[in-house]
Structures are given as structure tokens and as C-alpha cells.
Amino acid sequence: MLDINIIREDKDGVIKELSRRGGDFSKDIEKIYFLDKSWRELLKKSDALKAERNSVSTEIGKLKREKKSADEKIAAMQIISEKIKELDAGIREVRTELKSALLLVPNLIEKDTPYENTVLREEGEVKDLGFPAKTHWEIGEDLGILDFEAAVSLSGSRFALLKGLGCNLERGLANFMLDTHTSKHGYTEIMPPILVREDVMVGTGQLPKFRDDMYALDDGSMFLIPTSEVPLCNLVREKITDASELPLKFTALTSCFRRESGSYGRDTKGLIRNHQFNKVELVNIASPEESEEMHEKLLEESEEILKLLGLTYRVLLLGSSDTGFSAAKTYDLEVWMPGEKLWREVSSCSNCLDFQARRMDARTRGKDSSTVYLHTLNSSGLAVGRIFAAVLENYQRADGSVAIPEVLQAYMGDKKEIKKNTR
RNA sequence: GGAGAGGUACCCAAGUGGUUGAAGGGGGCGGUUUGCUAAACCGCUAGCAGGUGUUAAGCCUGGCCCGGGUUCAAAUCCCGGCCUCUCCGCCA
């Protein structure tokens, strides 16, 4: 949520900044500006009347105690109270409208971000495997560790079913990531609920705007998380976090659920775009002063996993047109897929500044002990299913078997490879 | 799922619709005393949000879980929601 004050002070500037996202927000901002103005006008009137009512009511109390008549004052206050009631009804209405309008406005993009995505650097090399490379779904099905047909029969398209060593690989990857983050990067592991309340989804920005992308319970009371960023960030909601506890670094492995409503026909095969997938997430809760530096560190921490797995990847700075709703600045990590012959996003590393914190009412105390909103950052560390796919495609061999990356071997009973019909 | 009880400040807790502008403890902080510690005594300890001021002082409004309502006036009465606890039932 944007600070209403910057809209009050410079609404045209805000409209201009938001247009960098590639949409026109002028109507929304003008509406917010207008609603805020009328809200303040109504509030001023109501507050003045309440001040009067408060003082006269104490007088009435005094008169009553002295057994004197207060009828005249009571009659006068009846009229004032009626007026207050009307004003307050209007105030509530305007306030509600203002709030819901504000919740639909995305974050401002960091200054100097270009419109289009920029490749910052490439790590590792895109090399030829020396034989016709297969896609991960071909490899996985041939090895008997992926069974999409079975998944379809259970749940329909965009679901995966892992079997045998496939499960071990998925678990191994996740454990390797978690262990690295907890022991090397100082993260606290969390196992959060993956079913959360509406308010929590509003807090991190998934709602109200992206309801169509979320799975909800039948009665609408709860939502399946699309990422554990949701519960992890919301751990600091509605409280003032002591500055001595900062920065907070949380990691979690959870299943994530996405309806993928707008992506018919895209990436219909394999593990890339499924309704349910596993992801190790990294969330940092920082003071405003340290968030920029932490963002760079967070990127490194995510990259570390790719490096240790020996995967070729590149780092993108997302352009203003591609940066997500809540983020001010985002780096993407894309891994090379020799089978698909393209780069696949496996991590998105964002600094949301105080955007989510305002929605969550998550604060800390600044140096002068006044309250300030926290900064929230999140990064995938990493998307397990997509890394599963990347490992298959990058470590495949001409005979159809797949070598197990060295760092994973300890997580897979010291096996060195996945062959057909091995358990 | 059924039946109850309850949500008041950092914690415990009182609270008859109008000096509650929230009692009283505990804890914390400061002080007196003291060689030091303890004890005792004294003092402070509602934070926060919003509006309005020149990002001042000040003033005003709202805050007793949240949201409505009744009333001249609500922590107190009524309705709804959320949460916690107890008992019963069911259950990995």
C-alpha cells in the first residue's frame, strides 16, 4: 500500500511513476486523491461536533448528579448526535472506498529501473551436451520417476506425480536448500500453515487484486498460499517488532498453489507451471536502512544454491513493466534448460520496501523511537520442481540416465546416478 | 459438531451507563537510604492511530479484542465477527 501522504503531496508524480508499469493509473489515483480529501473534510466536521458533545455531556452528567434539569442540553445534543451519526456514516463509506481503492494500487518501482528486463550477468556456460538432449518430462517419464498420466487421472492437468527416486530427488533438493540457508546463511526455518486467512493474503498483496489466481476454500474463509512468502512475511503483522530482533531471516519449504488462470496453453508439459509445487522461500524482515543491502545479499544467497548445484544461470533485473505488484525492485534468476533450450525462472528476488508492511501494519522503532514501517524482502531459494527439472536436463547422459550432482548425493543415499528401474 | 466461560495496558486484575481523564497489584525504569547487595520508602510507567498547526508547541478526535447498534453520554447495555479456555462428541 502506498503512503497516502505521497498521493496528497504529489498525485501527478505518483501517476507518472505508476505509468512506468505499463498501465494507466490516473483514474485510480485521482479517485483516491478525491476520496481522501472528502474524508478529511468530513472528519474535521465530525471531530468538532464530537468535541462539543463530549463537553456538554459531562455538563449533563454534572447537572444530573446535582438533581438539576438538563432537558434543554439533552435536546440540543440529540440534534448534534444525529448529525454526527450522519457524518460518521459518510466517513465510513468514504474510508472503506478509499481503503479498497488504495489496496489495488501497485508499488512504485525503484528509480532508474528501465522499462524492459535487463540481463545483468551470466554464470556458467551454455554448453552442448554432445548428444540430442531430452526435456525433463521425457527423461523423467523414461526413468519412471515422473508420471504425468497418473497425476492427470487424480487431479487433471498441471499436476505432477513423482515416483521412486524422483521423490528422493525432490526431498533431497529441498533439504539441501534448507540446510544451506539455515546453516550457511543464518535463516530460521519455519513450517507455517499453508491455509491462511483473507487478511493475511491482503497483507502481502495477493488480495484483493489477484483473487482469480488463488485457491480458496468453498466458503471463502481461507486461501491456499501461492508462496510461503505469505505466511512468513505476515509473521510480523500488526505489531511493533523490536529493532534488536532485526533483521529477521525466515526460510520455509511449503507446497504452493496457483490457479494459473491466465496461462492457458503455456508450459502445459512437465514441472514448470503446475497448480501445486514445492518451493523453498527466503524472507527477510529489515529496517528501512538495511533493506537495500540485504536485497543484494538475498540475491547471493539464492544464487549460492545454483552455484553449488553446478547449474548455468543468468541474473535479470526486472524492468518496470515486469515487476510484480508488491515489489519495488526485483531480480530474477533463470536457469538454462538444455532440453527445452531456454532459460527458466527459478527465483524471483524482491524488495517490497514498506509496501507490504503498510498493508500488514508491521512496524519497528526508528532511532528517535518513533514508529516506522518495516521493509520486507523475499526470494525463492529456490523453486524445487523447476530445479528438479533443471537437474534432469543438465545432468542427463546419452544413455538416458541422470548423474546426481555431488552436493545432492549425501541426500540420496550416496547414489551417483538415477537409472531406469533403480529405487 | 454440541454446551459453557472469557478477551481491560509489559503481566495479573477491579470495574454499579455520567469526577474511569481506567482502581489495585506485579514487573520495569529512576531516586532516597547504603561500604556492596537485599529490604524499605518515594516517584515514573498507554501505547498507538488520525485530524489540524510552517515535518514546532499546542489543540481536537478515536483507542478497554474487532465491527456495528441503543443513548445526551458506553469498558459497562444489545447484535455480529475473530480469538482463547473448559467439558462432551469425533478424529491423524
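This is a predicted model: local features need pLDDT of at least 70, side-chain atom pairs count only at pLDDT 80 or more; totals for chains, interfaces and linings use all residues.
Local features are reported at pLDDT of at least 70 and side-chain atom pairs at pLDDT 80 or more, while totals for chains, interfaces and linings use all residues. Residues are numbered from 1 along each chain as its sequence is written, and side-chain values use heavy atoms, with hydrogens and water left out.

Chain A is divided into domain 1 (4-102) and domain 2 (118-418), with bounds that come from an automatic or database domain assignment. The C-alpha centres of domain 1 and domain 2 lie 43 Å apart.

Around RNA strand B there are 24 residues, of which Arg 8, Arg 65, Gln 78, Ser 81 and Thr 371 come nearest; a residue counts as near the strand if one of its heavy atoms lies within 4 Å of it. By class, this surface has six nonpolar, six polar and twelve charged residues, where Ala, Val, Leu, Ile, Met, Phe, Trp, Tyr, Cys and Pro count as nonpolar, Asp, Glu, Lys and Arg as charged, and the others, Gly among them, as polar. Polar side-chain atoms of Asn 54, at 3.2 Å, Arg 92, at 3.1 Å, and Arg 365, at 3.0 Å, each lie close to a phosphate oxygen of RNA strand B. The elements that give two or more residues to this surface are helix 3 (26-65), helix 4 (71-102) and strand 11 (362-365), and helix 3 gives the most, with 13 residues; helices (H or I, at least four residues) and strands (E, at least two) are DSSP runs numbered from the N terminus.

Which residues of the largest nonpolar core touch the most other members? Of its 49 residues, they are Leu 173, Met 177, Leu 306, Ile 387 and Ile 418; such a core is a set of buried Ala, Val, Leu, Ile, Met, Phe, Trp, Tyr and Cys residues joined through side-chain atoms within 4.5 Å, and buried means under 20% relative accessible area (1.4 Å probe, protein chains only). A second, separate core of 30 residues includes Ile 7, Val 94, Val 202 and Val 230.

Arg 237 is found in the loop between helix 9 (229-233) and strand 5 (239-241), and counts as buried because its relative accessibility is 18%. Leaving aside neighbours within four places in sequence, Arg 237 is in contact (heavy atoms within 4.5 Å) with residues including Asp 199, Met 360 and Asp 361.

Terms used:
Chains are lettered from A and ligands numbered from 1 in the order in which they are written. A polar contact is a pair of N or O atoms within 3.5 Å; within protein, one must be able to donate a hydrogen and the other to accept it, and residues adjacent in sequence count only if both atoms are side-chain atoms. Buried means under 20% relative accessible area, exposed over 50%, partly exposed in between (1.4 Å probe, protein chains only).
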